[in-house]
Amino acid sequence: MIYFPQPILPPFRCEFVGDAAVPDALSEARSRKAAGEISADDVAVAEDHAVENLVKELYELGFEEISDGNLRGAITAGDLIGTDPAQIVFDSESLLLRNFNSLRSMVPFGVIARQDLPSPASVYCEAIGRNSEFAGCAEGVAANVVAAMTDAMMALYGLGCRSVLFIDSTWGNPDLDFLADINNRVAASLPPDMAVAMRPLLADMDYPVETVVGRMKAESVKSLYIHSQALRRFDLLEHVDGGRNIVVGLHPELEEQGCQDKIVSLIELMSCKFPLECLSISNSGIDGREATNYSGLRRKLRLIKQAAEATW
């Protein structure tokens, strides 16, 4: 058995989420691959360089947890339960494991390599949508998704993964208890030293307050990533259970303005309703991948790092 040292698990005071800006060299390699000028292996080399540079920048900025910024492409439901519409089973040759293994090999000792992936509830909805025959057996499909996702998580655990971030697109669904239960069943099946966080996609802000609050209470994960725009519309912090960590994604306007004082003031305002020791901050994570260049991303991440150091 391979021994992996016990890591310091999240929450951390500042974190990186979402897609990293795609560097020009990688964009060019993908364009050349599409034109038939280079091979897929050449693109993989360019992806390696892009992830290595991102890891280096995050490490130099002092981030304690690092993802690959989806520079190899975001993990999809198909990577977790296969692409056969009639089956729900995790493939041990999945891109998920190859991506994480590559990231782990690049992350310096003492830093957490985090894997981002669709939540079990999101995978369940994808499975129902791709096979109409599944619609009449919701609990059976949910059980199969839970089993496949648990297999995926345990495979990641075996590679040394101790932190996963579920990206959940189902928080606007009124069937909140059933969907939260799917997530909770997977989380409950994992070893206690594997940290599970949830990042609901709330950027469009069209969900009813009651649905979001109900989902917050139904989810059992330790950490929730909530965009600061949501916090302005809803008084969500008053509904968060004690002991849970909230990672606040800063609005892009705050990132662009580069106003550290405004970020610190926002954190202090939130701390009036929620314990400061249970709050963290991150970049917004909602920019388009091509919209922010590498230097712009580094500037934003340096800003939230400095704001975190000024607050905690």
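**Figure 1. Val-164 faces Val-196 of strand E6 across a parallel pairing of strands E5 and E6.** This is a predicted model, in which local features need pLDDT of at least 70 and side-chain atom pairs count only at pLDDT 80 or more, while totals for chains, interfaces and linings use all residues. Residues are numbered from 1 along each chain as its sequence is written, and side-chain values use heavy atoms, with hydrogens and water left out. Strands E5 and E6 are joined by six bridges; two strands pair if DSSP finds at least two bridges between them. Helices (H or I, at least four residues) and strands (E, at least two) are DSSP runs, numbered from the N terminus. Six of the six residues of E6 are buried, so E6 is largely enclosed by the rest of the structure. "Buried" stands for under 20% relative accessible area, "exposed" for over 50%, and "partly exposed" for what lies in between (1.4 Å probe, protein chains only). Ala-195, Ala-197 and Arg-199 are buried on one side of E6, and Val-196, Met-198 and Pro-200 are buried on the other.

**Figure 2. Strand E7 (residues 223-227) is covered on both faces.** Here, too, burial runs through the whole strand: five of the five residues of E7 are buried, so E7 is largely enclosed by the rest of the structure. One side carries Ser-223, Tyr-225 and His-227, and the other carries Leu-224 and Ile-226. Follow the pairing towards E6 (residues 195-200) and you will find two bridges in the parallel sense, with Ala-197 opposite Ser-223 of E7. Towards strand E8 (residues 245-249), E7 runs parallel and is joined by five bridges.

**Figure 3. Seven strands line up as an open, parallel sheet.** The order to trace is E1-E9-E8-E7-E6-E5-E4. At the edges are strand E1 (14-15) and E4, each of which pairs on one side only. In general, strands of a sheet pair through backbone hydrogen bonds, either parallel or antiparallel. Gly-249 in turn has Ser-282 of E9 as its bridge partner. E8 and E9 (residues 279-282) share four bridges and pair in the parallel sense.

**Figure 4. Helix H6 (residues 138-158) packs its buried residues against helices and strands.** H6 has 21 residues and reaches 30 Å from its first C-alpha to its last, close to the expected 30 Å; the expected span is 1.5 Å times one less than the number of residues. Among the buried residues of H6 are Val-141, Val-145, Met-149, Met-153 and Tyr-157. The elements that the buried residues pack against include helix H4 (95-106), helix H5 (120-130), strand E5 (163-168) and helix H7 (176-188). Just after H6, look for Gly-160, which takes a positive phi of about 105 degrees.

**Figure 5. Helices H7 and H8 (residues 209-218) pack with their axes 9 Å apart.** The angle between H7 and H8 is about 30 degrees, which makes H7 roughly parallel to H8. Axes are lines fitted to C-alpha atoms, for helices over the stretch in contact, and angles run from 0 to 180 degrees between N-to-C directions. Angles under 35 degrees count as roughly parallel, over 145 as roughly antiparallel, 65 to 115 as roughly perpendicular, and the rest as oblique. The residues in contact include Leu-176, Leu-179, Ala-180 and Asn-183 of H7, together with Thr-211, Gly-214, Arg-215 and Ala-218 of H8; contact means heavy atoms within 4.5 Å.

**Figure 6. Gly-172 sits in the loop between E5 and H7.** At 27% relative accessibility, Gly-172 counts as partly exposed. Leaving aside residues up to four places away in sequence, Gly-172 touches Tyr-207 and Thr-211. Gly-172 and Arg-215 are 43 residues apart in sequence but 9.0 Å apart in space, C-alpha to C-alpha.

**Figure 7. Asn-70 has a positive phi of about 55 degrees although it is not a glycine.** Most residues other than glycine have a negative phi. Asn-70 lies in the loop between strand E2 (65-66) and H3, and at 13% relative accessibility Asn-70 counts as buried.

**Figure 8. The whole chain has twelve helices and nine strands.** Of its 312 residues, 54% are buried. Among contacts with a separation of 6 or more, 78% join residues 24 or more positions apart.
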